[in-house]
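Trainee: I'm new to this one. Could you walk me through it and tell me what the labels rest on?

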Amino acid sequence: MSIAIRASHVSKQYILGVFNYDMFYKDMQSWIARRFGRSDPHGKIIENQVAPGDRHFWALRDINFDVEQGDRIGIIGVNGSGKSTLLKLFSRITAPTEGTIYIRGKISSLLEVGTGFHPELTGRENVYLNGAILGMKRREITRKMDEIIEFSEIEQFIDTPVKRYSSGMYVRLAFAVAASLDSDILIADEVLAVGDTGFQAKCLKKMNDVSKEQGRTILYVSHMLATVQTLCTKAILLKKGQMLMTGSSEDVIAKYTEMTNQSQ
Amino acid sequence: MSDTIDVNGEKWDLVIKPKKKLFSLNLREIYHYRDLVYLMIKRDFTTVYKQTILGPLWFIVQPLITTVMYGFVFGSLAKIPTDGIPQTLFYFSGTMLWGYFNACITSATDTFSGNAGLFGKIYFPRLVMPISKVFSNMISLVIQFATMLVIQGNFLLHGIKVYPTWWALMAPLVILWLAAFGTGFGMIISSLTTKYRDLRQVLSFGMSLWMYATPIVYPLSRVPEKYKWVFYANPVSAPIEFFRNSFFGSGNISPSLILSSIALSAFVVFVGLVMFERNERTFIDVA
């Protein structure tokens with residue numbers, strides 16, 4: 001089995017509080033002060049001390065893992081543990097502060113369904129636009145149009161502007177576009193939590209089918225442990241930006257449940 | 001996208017690292033997303049005039065009203081000559097070109113702030129957005145250009161000699177020049193506005209001042225020698241003046257002004273690309 005994703009010493013740092021002064025001259029003053037080793041006149045005072053070094057916050061710290069081709073990995077952790085930051089790094093929405101991510105194969109990420117949908121455009125026009133944003137070619141979308149329309153169950157409204165759609169129709173169409181992607185690696189952030197229960201089950205089944213039949217690699221972030229359990233073969237547990245555990249999804253979910261029970 | 005990257009003997013399709021090189025424009029990747037550029041242009045065109053009364057007619061109405069206004073204020077009241085070109089043509093062409101340039105700057109400036117929601121959710125080369133705006137802004141330009149030719153034809157029919165020269169065939173290059181410089185300049189502003197929001201306010205004010213430092217309501221020939229340096233420092237002057245000279249056979253523009261303006265524009269575009277590329281990977285952290 002070859003490696004589809006490798007994270008090597010990946011870290012992401014955010015600067016708290018002071019990064020956005022909104023005033024250019026203050027930025028210049030801070031920069032000059034730092035340049036000449038003086039204390040920053042605009043540094044935020046954190047817990048009664050001017051904290052020149054403590055402003056930095058590691059959202060992720062030294063993350064290392066390999067994902068084998070065809071693995072379905074669930075990423076779990078409490079709020080603020082760095083799950084979403086991790087996905088943002090893999091999706092190239094923001095760059096890591098340290099470390100390197102290696103990817104083999106075509107990757108696509110779904111942090112939201114229906115990204116770029118425009119209310120004035122029809123369902124069909126939006127399928128093209130959203131598909132292209134996800135990296136598909138027009139030809140490819142045309143070829144898949146019937147499949148997308150069928151999956152979304154909104155055939156009679158496909159040429160109506162999406163602003164007239166109900167929210168359920170909107171997400172069904174959006175998910176249908178996403179489901180038609182045939183990249184080797186899929187990164188998803190709780191996107192299965194759309195539509196009614198029936199449609200959710202359909203989405204889950206679709207995700208299962210594509211990964212099992214086509215050997216696709218999936219990286220999936222969720223709070224819903226049941227979904228992770230059914231969909232994922234392995235899991236990674238994050239806590240305060242660090243990797244606490246990795247292993248089979250049963251083991252990791254057990255550990256996570258134990259951890260959250262303890263803290264209560 | 002299909003080429004692999006070799007790292008220590010292992011082949012990968014994509015390697016994500018903290019810092020990029022100073023300048024690493026990935027043209028192949030942008031070419032890969034050409035369908036997105038096309039669909040963005042189509043989106044802009046179909047959405048702008050939905051639920052409006054006059055629809056695309058606004059493209060013509062706006063510059064026509066401006067032309068009448070300029071004709072009254074600068075022509076009739078201030079009596080600024082127009083190089084022998086009929087006033088209607090002079091002001092209309094100026095307004096049309098300035099309008100396009102202004103639109104390119106403004107839309108490039110709003111790239112990050114206007115697409116923060118989109119950029120925060122999905123990756124695609126961010127340059128797709130300003131590039132598609134160059135073309136969607138061109139739609140109005142084309143309609144206005146056709147209107148200008150109709151006006152010019154009408155003058156010719158009435159025996160007023162405003163013949164174009166062969167240089168008019170260079171018009172597409174002149175437009176490309178305006179588009180590239182406007183977008184490059186706008187990219188510089190857009191990279192700065194992610195941190196300093198007030199720059200956006202300065203821009204709309206600055207643009208109206210900038211117009212008066214450009215030969216829009218007056219011809220270059222009327223400018224006293226001691227102020228000529230302004231047009232060397234302002235690289236929009238040359239393409240606009242050149243456009244008028246070539247279409248209406250008036251005035252003459254020095255090759256040195258054209259060459260230096262091209263060089264200055266190219267420099268601005270380069271700086272714009274560097275700043276844009278640096279910004280696109282981390283702007284979402286400060287937005």
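Trainee: How many salt bridges does the rule find across the interface of chain B and chain A?

Mentor: Three, across the interface of chain B and chain A. Keep in mind that this is a predicted model.

Trainee: What makes the meeting of Glu29(B) and Arg92(A) a salt bridge?

Mentor: Their side chains come to 3.5 Å, N to O. The rule asks for a Lys or Arg side-chain nitrogen within 4 Å of an Asp or Glu carboxyl oxygen, so the pair qualifies.

Trainee: Which elements of chain B supply residues to the side that touches chain A?

Mentor: At least two residues each come from β2 (10-12), β3 (14-16), α1 (27-32), α2 (34-48), α6 (116-119) and α13 (283-286) of chain B. The biggest giver is α2(B), with nine residues. By type, that side of chain B divides into 19 nonpolar, six polar and 16 charged residues. There are also eight residue pairs in polar contact between chain B and chain A, counting pairs with both at pLDDT 80 or more.

Trainee: And what area do chain B and chain A bury between them?

Mentor: About 4100 Å², with 58% of it on carbon and sulfur atoms. Trp12(B), Ile16(B) and Lys121(B) supply 17% of what chain B buries against chain A, more than any other three residues. The contact takes 41 residues from chain B and 50 residues from chain A.

Trainee: Why are β6(A) and β3(B) called paired?

Mentor: Pairing needs at least two bridges, and three join strand β6 (residues 98-103) of chain A to β3(B), so they count as paired. The two strands run antiparallel, and Ile103(A) stands opposite Leu14(B).

Trainee: Now for chain A itself. Which strands pair with β9(A) in the parallel sense?

Mentor: One is strand β5 (residues 72-76) of chain A, over four bridges. Another is strand β8 (residues 185-189) of chain A, joined to β9(A) by five bridges. Ile218(A) in β9(A) is the bridge partner of Arg72(A), and Leu186(A) stands opposite Ile218(A) too.

Trainee: Which residues lie on each side of β9(A)?

Mentor: Thr217(A), Leu219(A) and Val221(A) lie on one side, with Ile218(A) and Tyr220(A) on the other. In a regular strand, side chains alternate between the two faces of the sheet. Here both faces of β9(A) are covered.

Technical notes
Residues are numbered from 1 along each chain as its sequence is written. Chains are lettered from A and ligands numbered from 1 in the order in which they are written. This is a predicted model: local features need pLDDT of at least 70, side-chain atom pairs count only at pLDDT 80 or more; totals for chains, interfaces and linings use all residues. Side-chain values use heavy atoms; hydrogens and water are left out. Contact means heavy atoms within 4.5 Å. Buried area is the accessible area (1.4 Å probe) that two parts lose on being put together, summed over both. A polar contact is a pair of N or O atoms within 3.5 Å; within protein, one must be able to donate a hydrogen and the other to accept it, and residues adjacent in sequence count only if both atoms are side-chain atoms. Ala, Val, Leu, Ile, Met, Phe, Trp, Tyr, Cys and Pro count as nonpolar, Asp, Glu, Lys and Arg as charged, and the others, Gly among them, as polar. Buried means under 20% relative accessible area, exposed over 50%, partly exposed in between (1.4 Å probe, protein chains only).
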